[in-house]
Structure formats: C-alpha cells, structure tokens
Amino acid sequence: MKTLTTILDMQAWSRRIRKGGETLGFVPTMGALHAGHLSLIRKAKAKTDKVVVSIFVNPTQFDNQDDLEKYPRTLESDLKACEDEGVDAVFLPTPKIMYPDGLTIELKAPALAGRLCGASRPGHFDGVVTIVKKLFEAVEPTHAVFGEKDYQQLAIMRWLVKDQQLPIEIIPHPIVREADGLAMSSRNQRLSADDRRHALALARSIKAVHALFDGGERDVSKLLGLARDILNAEDGVQIDYAEIVDATTLEPISTITQPALYAVAAFVGPVRLIDNCVLRP
Ligand code: AMP
C-alpha cells in the first residue's frame with residue numbers, strides 16, 4: 001500500500017494508474033475508521049481497479065472547535081485496516097498541504113445545503129464542498145464512494161460533480177449499523193456506556209417511522225410526532241432536528257407521495273449524532 005502525503009505525489013500516482021487504462025475509486029474519510037468505512041472501501045474495490053482512501057480531518061467543515069479538537073484520531077490502526085482491505089494507496093495530507101495559505105477561495109454549497117445539518121451547522125457544507133473539490137483535484141479519481149449515513153452530503157456531492165462538470169461517478173453506499181441498530185460513526189467512540197444506550201433512540205425512531213409508513217401512514221406530522229415522542233422519551237437525548245423532506249430536493253413536505261427522507265440529528269451527551277432512512281411509497 002502506497003502512502004502519499006503531497007498533492008503532486010498523489011496526482012503522479014493517480015495519473016500513472018489512469019494512463020494504464022485502469023479506473024480509480026476514491027473513499028474520502030476523516031479517519032477513525034470503522035466497519036462502515038470498510039464497507040465503502042469494499043464497494044470501491046468491487047467497482048474499480050484501484051482504490052485510494054484519504055484520511056484528513058478537515059478543519060474548515062467544523063463549526064465547533066471542541067468537536068474538531070476531540071474528533072477521534074487513530075491513524076495507526078486506520079492504516080492497518082486499509083492495508084488489510086487491500087487498499088492501493090492512502091492519501092494523508094496535512095492542513096498545511098490542503099490549505100497552504102489558509103482558507104483562501106471557499107466554494108459555496110448549493111441551496112439544498114441550507115436545510116437539515118446545514119441549518120444547524122452554519123458553513124459546514126461550504127467547508128465540505130471546498131475540501132472535497134480539493135481532494136478530487138489531488139486524487140483525480142474516476143469514481144468516488146459516499147455513505148448514505150451523510151445523506152445531505154451525498155446529495156451535495158452529486159450536485160458538485162454536476163455543477164463543476166467533474167468526470168467522476170458518485171457511488172452511494174447504504175448505512176452500516178451495529179448489531180443493535182446504532183448507525184456506525186467515528187463519534188460513537190466518544191459516547192459513555194450510558195450515552196451509548198441513549199443513542200439507540202435514534203435508530204428506534206427510524207424503525208418506528210418506517211413501520212408506521214409501511215402500515216400506510218403518509219401524513220408527515222403523524223410520522224414526525226411518533227419520532228419526536230420516541231426521542232423525547234429518552235433521557236440524555238436532545239433533538240437538534242427531526243424532519244421528513246423530499247428525498248431529492250430536501251424541501252419540506254406535508255404528505256408523502258414521492259420518496260421522502262426521514263432525517264434526525266440529536267445531541268447525546270457531548271456528541272451530535274445523525275441518522276436517516278428513505279421512505280418510498
Ligand atoms: P467520515 O469519516 O465520517 O467523514 O465518513 C467518510 C465516509 O464514510 C462518508 O461518505 C460517510 O457517509 C461514510 N460513512 C460513515 N459512517 C457510515 C456508516 N455507518 N454507514 C455508511 N457510510 C458511512
């Protein structure tokens with residue numbers, strides 16, 4: 001497995017691969033890799049000839065300094081996990097490499113970034129779009145895999161390649177969960193045993209909303225009422241948002257007639273967690 005730290009070395013490696021006619025799959029991450037990330041890597045390996053994983057905790061997408069400082073960093077075990085998965089190259093830039101003169105030109109995320117996580121984390125998606133564009137320019141992949149766990153981010157990545165006319169195919173991957181339903185997240189490492197139990201309310205709300213929807217309920221206020229009851233009943237869980245929106249535009253809806261997204265974000269102890277599911281009539 002090749003370890004690359006500069007943009008020029010990354011580009012040179014990537015161009016050699018693509019010159020040989022091979023496809024290159026890219027999995028951008030912030031490290032602290034878990035089975036969810038590994039599942040994205042396996043998808044990339046199944047779809048493309050060579051796979052690059054980047055590990056970079058991007059400071060410009062954090063709206064909270066404490067969250068940035070406490071973000072888990074486990075580089076040694078991440079590298080071992082990548083090696084074990086048969087990753088061809090890891091790209092490990094530093095903030096100085098990605099932002100040599102600090103944050104100079106920042107891209108602006110589209111309108112669909114204004115809702116859900118974008119509404120409660122101002123500037124977050126501008127930071128995401130800016131860094132992913134820079135990573136795409138360094139890695140020059142043919143394909144890039146993003147998890148549906150960050151559903152809004154995935155939608156914005158689809159917008160990014162369309163808007164900037166990038167020759168990159170975006171490949172989505174479903175949410176990977178722990179056996180008890182908790183969506184895997186690097187931030188789960190920061191949960192105490194009690195918080196870990198409280199956090200299950202998010203997945204419980206997903207299951208309950210899905211079951212009510214499968215039973216024929218299409219009224220968003222009824223579905224959300226159930227979700228909020230479950231979340232509010234759990235001590236230690238503070239809802240940031242719980243919404244049902246159009247799955248494509250992320251615009252609010254009152255009745256489900258087309259695929260819709262139930263998305264939830266909540267603070268559990270010191271950690272903000274997100275989860276979601278798509279409801280398809
Ligand atoms: P992160 O390291 O949190 O920035 O995530 C890197 C990529 O892994 C993003 O595309 C995430 O959506 C994806 N990801 C993180 N957790 C999960 C999960 N539990 N299931 C599926 N994809 C995930």
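Author: Leu-250 is placed in the loop between strand S7 (237-246) and strand S8 (260-268). In this predicted model, the phi angle of Leu-250 is near 65°, which is a positive value in a residue other than glycine. Leu-250 counts as buried because its relative accessibility is 0%, and the limit for that term is under 20%.

Ala-32 also calls for a description. Its phi is near 50°, again a positive value in a residue other than glycine. Ala-32 belongs to the loop between S2 and H2. With a relative accessible area of 2%, Ala-32 is therefore buried.

Strand S2 (24-29) and helix H2 (35-47), together with strand S5 (143-147), each supply at least two residues of the shell around the ligand. In total, 16 residues surround the ligand, and His-37, Gly-147, Asp-150, Val-176 and Met-184 are the closest.

Individual distances complete the picture. A polar backbone atom of Met-30 is 2.9 Å from an oxygen atom of the ligand. For His-37, an N or O atom in the side chain is 2.9 Å from a ligand oxygen atom. Asp-150 has a polar side-chain atom that lies 2.6 Å from an oxygen atom of the ligand. Of the 480 Å² of accessible area that the ligand has on its own, the protein covers 93%.

Note on methods:
Residues are numbered from 1 along each chain as its sequence is written. This is a predicted model: local features need pLDDT of at least 70, side-chain atom pairs count only at pLDDT 80 or more; totals for chains, interfaces and linings use all residues. Side-chain values use heavy atoms; hydrogens and water are left out. A residue is near a molecule or strand if one of its heavy atoms lies within 4 Å of it. A polar contact is a pair of N or O atoms within 3.5 Å; within protein, one must be able to donate a hydrogen and the other to accept it, and residues adjacent in sequence count only if both atoms are side-chain atoms. Accessible areas come from the Shrake-Rupley method with a 1.4 Å probe; for residues, only the protein chains shown count as cover. Helices (H or I, at least four residues) and strands (E, at least two) are DSSP runs, numbered from the N terminus. Buried means under 20% relative accessible area, exposed over 50%, partly exposed in between (1.4 Å probe, protein chains only).
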